[in-house]
Amino acid sequence: MPSKDIEKSLKDASYDLKFLLNRGYRKKIALNFVANKYLLDKNARNYLARKVFSTLTSFNRIIKIVNISSINNKAIFIDGYNVLITVESICNHEYSSIIMCDDGVLRDTNAIFGRYKINSQTEIALINIINLLKHYHPKCVYFLYDSPVSKSGELAKLTNSLLKNNKLKGNAVTNKNVDYELVKLVKNHDGIVATSDGAVMDKIENILDIPRGICKKLLNNGF
């Protein structure tokens with residue numbers, strides 16, 4: 001199928017999916033219906049799942065997104081793999097896999113979370129994240145990595161080393177339930193969560209989009 005036909009199918013499918021979501025259909029059911037209608041492959045389905053949300057859901061999330069300049073003297077809790085994977089794609093110049101979603105955040109469409117491995121871009125991506133945050137003087141920065149993912153302990157160790165080298169107060173740890181822990185920590189410490197995980201975004205008050213900040217810094221413009 002020519003690329004223009006694929007683009008049209010995705011555009012039409014996005015419109016239909018949003019329509020169904022706005023009518024109250026559950027996302028999984030609506031997504032399967034639309035994807036089957038347009039004969040979409042796994043990558044296209046993942047694109048729709050990560051990009052398209054109802055108007056109400058999008059609005060409720062967008063109003064929670066904070067400007068990075070407002071993190072001064074705030075505790076920042078980072079959804080480790082969620083943020084790192086997207087920033088790695090940016091550092092790799094894989095811009096075709098990065099999309100601005102209906103709910104106001106940048107997401108990566110590669111869907112490699114459970115298969116993530118430390119690679120040549122890992123340290124570079126972490127340094128970009130740390131340098132960005134450091135510029136705005138947060139009170140402290142905490143990275144949380146999902147312990148079931150292979151080598152999470154090594155990744156936390158690397159992150160802690162970089163935090164120390166850059167004299168940024170904070171810590172990196174592994175946890176079996178990062179989503180739950182992020183919500184609990186931010187409520188107990190009046191902080192800000194860096195994530196694009198919809199389930200987490202819906203349960204917190206302040207959201208930081210680090211990948212978008214990295215893009216603005218590297219490209220000198222926004223999405």
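Author: Let's start with a helix pair: the axes of helix α2 (residues 27–37) and helix α3 (residues 42–51) come within 10 Å and cross at roughly 140°. This is a predicted model, where local features need pLDDT of at least 70, side-chain atom pairs count only at pLDDT 80 or more, and totals for chains, interfaces and linings use all residues. Residues are numbered from 1 along each chain as its sequence is written, and side-chain values use heavy atoms, with hydrogens and water left out.

Reader: Why is α2 called oblique to α3?
Author: Angles under 35 degrees count as roughly parallel, over 145 as roughly antiparallel, 65 to 115 as roughly perpendicular and the rest as oblique. The angle here is roughly 140°, so α2 is oblique to α3. The crossing is right-handed too.

Reader: Which residues make the contact between α2 and α3?
Author: Lys27, Leu31, Asn32, Val34, Ala35 and Asn36 from α2, with Arg45, Leu48 and Ala49 from α3. Contact means heavy atoms within 4.5 Å.

Reader: What about α6 and α7: why are they called oblique to each other?
Author: Helix α6 (residues 122–135) and helix α7 (residues 152–165) have axes that come within 10 Å and cross at roughly 45°. That value falls among "the rest" in the angle classes, so the two are oblique to each other. Their crossing is right-handed. Where they meet, α6 brings Thr122, Glu123, Leu126, Ile127 and Ile130, while α7 brings Leu155, Leu158, Thr159, Leu162 and Leu163.

Reader: How do you know whether asparagine 73 is buried or exposed?
Author: Buried means under 20% relative accessible area, exposed over 50%, and partly exposed in between (1.4 Å probe, protein chains only). Asparagine 73 has 53%, so it counts as exposed. You'll find asparagine 73 in the loop between α4 (55–62) and β1 (75–79).

Reader: And why is lysine 167 called exposed?
Author: Lysine 167 has 77% relative accessibility, so it lands in the exposed class. Lysine 167 sits in the loop between α7 and β5 (170–175), and its phi is near 55°, a positive value in a residue other than glycine.

Note on methods
Axes are lines fitted to C-alpha atoms, for helices over the stretch in contact, and angles run from 0 to 180 degrees between N-to-C directions. Helices (H or I, at least four residues) and strands (E, at least two) are DSSP runs, numbered from the N terminus. A crossing is left-handed if the near helix is turned anticlockwise from the far one by less than a right angle, and right-handed if clockwise.
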